[in-house]
Amino acid sequence: MTATTTMPTALDIYESGDAALRVVAQSGDAEANWATVHSLAGWLAAADVEGIHGAVPTYDSVLVEFDPYLLSARQVRAFVLLGMRQLDYTGTAMREPRLFEVPVVYGGDYGPDLDRVAGHQGLDVEDVIARHTAKTYVIRCLGAPAGSPMMDGPDFPVPVPRLKDPRLSVPAGAVSVAGRQAVIAPAVAPGGWCVIGQTPLTVLDAAREPLVPYVPGDELRFYRIPAEDFGNFAGQFLEARP
Amino acid sequence: MTGSLIILQPGHSVVTDLGRTRGPAYGLPVNGALDQYSAKAANILAGNEDNDPLLELTALDFRMRATTDVLIAVAGAPLDLTVGGRRCPEWEPVSVRAGEVVAVRGIRTGLRAYIAVHGSFTVPSLLGSCAPDTVVGFGLKLVEGFRLETRKTTAPVIQPYFGLPLFRLGLTRPVFTADPVIDVTEGPDVAEFGDTADLLFTTKYTVSPRSNHIGLRLGGALPERQLTAEVLSRGVPVGAIEVPSREELLVLHRGRGVTAGYPVLAVVTSHSLDILAQARPGHTITFRKTTVAEATAMHRASCLELGRLRNTIKTVFGLLGIGAGQRWYELSPASGA
């Protein structure tokens, strides 16, 4: 028999009411934590246990929601630990990421906060756009509202502060930054992030399943288009590059 | 035979069910009936499955006309129900004849009521649920003149003896009050609030008019986070209590965005979420600390109560021939007979 030297993945599991658990990966490495919570969410979805509604993985944590009539928090905790042991043993199968390319009109009415962000960063506007389009982003998780692709932000000198007075309505397709994060708004919603541009592509389609075309782990790049071209993309959906 | 219900006065009404439980994994809120107990009770009383589509009325008066004979049940906040002008009871099956108007007026003490129709409706669904989602723009808009297609016709059930009550179902109805006590369990981030966390249990909070299906906003003394570090976005459960501003406490309900970057101070129990769904602006709320084990026991007790009701209804409706062809059921002899 060979002794295994791999340490089991450390998890903290917190009760979050009578119908959910918060599971936090504690490896000390952000990238490893992210991979852990997403593979755990995938394992739970594949297990398809009656009474477990689903899992919401983000950066270092996954919220596991369940029906408290069918399962108790203790049972779900034991099941999560079982999943983690299996994943530690089998390893995590990562799927090949797909690449999404997103046209963006920056500034003006499309990106009302572009100047503010530039001022705060001590960069000129062109430099902000250059940094925003330079990076290949990894979609970290699907967030609120409605399947937003949450990404680690562009290479800015300092975190971007949120708006003091959040907007009551931000249009679908708004391309925003806040803190060290970047996002596209799939649907009209209130928002406190700085909007620096807008894509003419339709991100979310309630008539299709899945509602949004990407999953966590997929990659995304922004490229700049002139405002005149915005209308040329009307009715087109965001799709992965073939 | 199918028929329809013609909406005469929509008030603030939607067609919903128990929610889109597959939604959160895709970044969509669960939504669905905010008072799950009353919604399940209405469906059970109408001889439906718990999760069948039904009407949720919020605060405002509502009227509709049935084009065929139907059986309905209304549950939730106290209100005045009339069918064809006759006063009818809430929390009981009620027969409606073709052409009659069902009117709900004066929803009071609570905020929401549910109308279930035997056989339910034919409505579009998204990820297995018909619950409206305001962010995605999904869901039926009930406007004046809208025809809601019903799937079954139910001949009127008549009590021939001096109008004695037809049903004695023995269901415990929830108590509605203007100053409910809401049970919460400790949130995963309670330590971040230090000693100020106790304010949650010593303060009387007032429900703000800015409350909705996404969350209730409560005014009162606010616990304060003792740290300033940014919180990574995390999945937040329905019932999470957060302090996002210096003005109000936020209690997330079923329309909540699935992720947020605020620490979770406490979480309202499943049982108390139904009570919160009935809180009106101006009502006073007191929080009480409980444990997950107790909260689970409480939730299961109310599920069992509904289970008993389901069995009773099955027996009664079976004998009346509702939900099956009109025929007589031979009861099996008692054992030992």
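Mentor: Start with a polar contact, which is a pair of N or O atoms within 3.5 Å; within protein, one must be able to donate a hydrogen and the other to accept it, and residues adjacent in sequence count only if both atoms are side-chain atoms. Here the side chains of Gln181(A) and Tyr59(A) make such a contact, at 2.4 Å. This is a predicted model, where local features need pLDDT of at least 70 and side-chain atom pairs count only at pLDDT 80 or more, while totals for chains, interfaces and linings use all residues. Residues are numbered from 1 along each chain as its sequence is written, chains are lettered from A and ligands numbered from 1 in the order in which they are written, and side-chain values use heavy atoms, with hydrogens and water left out.

Trainee: Why does Gln181(A) count as buried?

Mentor: Buried means under 20% relative accessible area, exposed over 50%, and partly exposed in between (1.4 Å probe, protein chains only). Gln181(A) counts as buried because its relative accessibility is 12%. Gln181(A) lies in strand 10 (residues 181-184) of chain A; strands (E, at least two residues) and helices (H or I, at least four) are DSSP runs, numbered from the N terminus.

Trainee: Which residues does Gln181(A) touch, not counting those up to four places away in sequence?

Mentor: Contact means heavy atoms within 4.5 Å. Among the residues touched by Gln181(A) are Met150(A), Arg162(A), Trp193(A) and, from the other chain, Ser233(B).

Trainee: How many residues does each chain give to the contact between chain B and chain A?

Mentor: Chain B gives 37 residues and chain A gives 41. The size of an interface is often given as the accessible area lost when the parts come together. Buried area is that loss (1.4 Å probe), summed over both parts. For chain B and chain A it is about 3200 Å², with 60% from carbon and sulfur atoms.

Trainee: How many salt bridges cross the interface of chain B and chain A?

Mentor: A salt bridge needs a side-chain nitrogen of Lys or Arg within 4 Å of a carboxyl oxygen of Asp or Glu. The rule finds 3 across this interface. One of them joins Arg22(A) to Asp189(B), with the closest N and O atoms 2.8 Å apart.

Trainee: Which element of chain B gives the most to the side that touches chain A?

Mentor: Helix 4 of chain B does, with 7 residues.

Definitions and conventions
Buried area is the accessible area (1.4 Å probe) that two parts lose on being put together, summed over both.
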